[in-house]
Amino acid sequence: MVNNNIILIEEYKKKLDQQEKLIAEQSFKINDLKDVIDRMHEDMENLTRTIKKMTHLDPVDSMTFKDDEKD
């Protein structure tokens with residue numbers, strides 16, 4: 001009976017070690033995803049700033065062409 005318990009405990013320890021490894025791998029992947037999201041957020045902020053700058057430029061009437069001015 002004692003031997004069975006020792007074997008069960010060793011098996012449990014192995015499974016626990018496997019779970020800890022999986023958790024560490026998932027944690028690493030989660031951190032990678034956080035980094036990607038942070039970079040995407042920075043890109044979106046830069047894009048927003050660029051769009052704001054572009055909308056504050058002097059307006060250009062794209063509907064007026066040189067050929068239209070001759071009429």
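This is a predicted model: local features need pLDDT of at least 70, side-chain atom pairs count only at pLDDT 80 or more; totals for chains, interfaces and linings use all residues.
## About the model

Local features here need pLDDT of at least 70 and side-chain atom pairs count only at pLDDT 80 or more, while totals for chains, interfaces and linings use all residues. Residues are numbered from 1 along each chain as its sequence is written, and side-chain values use heavy atoms, with hydrogens and water left out.

## Fold and surface

The protein has two helices and zero strands (DSSP runs, H or I of at least four residues for helices and E of at least two for strands, numbered from the N terminus). Of its 71 residues, 0% count as buried (under 20% relative accessible area; exposed is over 50%, partly exposed in between, with a 1.4 Å probe and protein chains only).

The accessible surface comes to about 7500 Å², by the Shrake-Rupley method with a 1.4 Å probe. Carbon and sulfur atoms hold 59% of that surface.

## Two patches

Patches take residues with over 30% relative accessible area and no salt bridge, joining like charges within 9 Å and nonpolar side chains within 5 Å. A salt bridge is a side-chain nitrogen of Lys or Arg within 4 Å of a carboxyl oxygen of Asp or Glu.

Asp-32, Asp-35, Asp-38, Glu-42, Asp-43 and Glu-45 form a negative patch. Glu-45 sits in helix H1, residues 2-55, and is partly exposed at 37% relative accessible area.

Met-44, Leu-47 and Ile-51 make a nonpolar patch of about 290 Å². Ile-51 also belongs to helix H1, and its relative accessibility of 45% counts as partly exposed.

Conventions
Lys and Arg count as positive and Asp and Glu as negative; His and the chain ends are not counted. The place of a charge is taken as NZ of Lys, CZ of Arg, CG of Asp or CD of Glu.
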